[in-house]
Amino acid sequence: MSNRTFTIIKPDSVRKGNFGKIITKLEAEGFRVRGLKKLHLSQKQAESFYGVHRERQFFKDLVKYMTSGPVYVAALEREDAVPHLRKVMGATDPAKADAGTIRKDFGESIEQNAIHGSDSDDNAKAEISFFFAESELV
Ligand code: CMP
């Protein structure tokens, strides 16, 4: 089990001023921020990042939403980082997420769900290197 994962604090969270609250929650859960950037994703970046969902009916709207405003991307470190972040985020659909999870507290809908987290160690590695050089992880 790797000790790194990757997150995006999504446009709805940044727009509503929830970035600080979400980072505070992640730090309280024992995550250390190794890399952090504020970005406005280009259409190309969003399409490439979410390439596995290209054939899904929600893909076009997802790209539109993810490019609708700035996001924060971060590389996080903690023991069992991938499964722990997924637990703290809650279910994809905020309506189905457990009480106290980030998506329950801050998400609006299955699309505008506040935060992304890697779903496997391999994807965590790929997603971190999509946005960060190894020298930017400190
Ligand atoms: P994320 O964990 O970033 O991975 C893919 C994203 O697609 C997901 O969060 C949601 O933002 C979005 N998504 C997943 N399922 C649906 C759906 N059924 N309808 C709309 N958006 C979705």
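Modeller: A residue counts as buried under 20% relative accessible area, as exposed over 50% and as partly exposed in between, with a 1.4 Å probe and protein chains only. Thr101, at 6% relative accessibility, therefore counts as buried. This is a predicted model, in which local features need pLDDT of at least 70 and side-chain atom pairs count only at pLDDT 80 or more, while totals for chains, interfaces and linings use all residues. Residues are numbered from 1 along each chain as its sequence is written, and side-chain values use heavy atoms, with hydrogens and water left out.

Colleague: Where is the place of Thr101, and with which residues is Thr101 in contact, leaving aside its neighbours within four places in sequence?

Modeller: Helices (H or I, at least four residues) and strands (E, at least two) are DSSP runs numbered from the N terminus, and Thr101 sits in the loop between α5 (81-89) and α6 (102-106). Contact means heavy atoms within 4.5 Å; beyond the neighbours within four places in sequence, Thr101 is in contact with Lys87, Val88, Met89 and Gly90.

Colleague: How does the whole chain read, and what pattern does it follow along the sequence?

Modeller: The chain has seven helices and four strands, and along the sequence they follow the pattern β-α-α-β-α-α-β-α-α-β-α. The radius of gyration, taken over C-alpha atoms, is compared with a globule rule of 2.2 Å times the number of residues to the power 0.38. Here the chain has a radius of gyration of 14 Å, close to the 14 Å that the rule gives for 138 residues, so it is as compact as a globular protein of that length. Of the 138 residues, 43% count as buried, and residues 24 or more positions apart account for 77% of the contacts with a separation of 6 or more.

Colleague: How many aromatic pairs are there, and which residues form one aromatic cluster?

Modeller: Rings of Phe, Tyr and Trp (its six-membered ring) pair if their centres lie within 6.5 Å, and planes under 30 degrees apart count as stacked, over 60 as edge-to-face and the rest as tilted. By this rule the count comes to seven aromatic pairs. The rings of Phe49 and Tyr50 have centres 5.0 Å apart and planes at 90°, so the pair is edge-to-face. Phe49 also pairs with Phe131, with ring centres 5.8 Å apart and planes at 45°, so this pair is tilted. The latter pair links distant parts of the chain, 82 residues apart, with Phe49 in helix α3 (residues 43-49) and Phe131 in helix α7 (residues 121-131). Both Phe49 and Phe131 are buried, and one aromatic cluster is formed by Phe6, Phe49, Tyr50, Phe130 and Phe131.

Colleague: Is Phe31 buried or exposed, and in which loop does Phe31 have its place?

Modeller: Phe31 counts as buried, at 0% relative accessibility, and has its place in the loop between α2 (19-28) and β2 (32-39). Its contacts, leaving aside neighbours within four places in sequence, include Thr5, Leu76, Arg78 and Leu85. The C-alpha atoms of Phe31 and Thr5, 26 residues apart along the chain, are separated by 9.5 Å.

Colleague: Which residue other than glycine has a phi near 50°, and which has one of about 75°?

Modeller: Asp80 has the positive phi near 50° and is found in the loop between β3 (71-77) and α5, where Asp80 is partly exposed with a relative accessible area of 34%. Ala114 has the positive phi of about 75° and lies in the loop between α6 and β4 (115-117); Ala114 is buried, with a relative accessible area of 0%.
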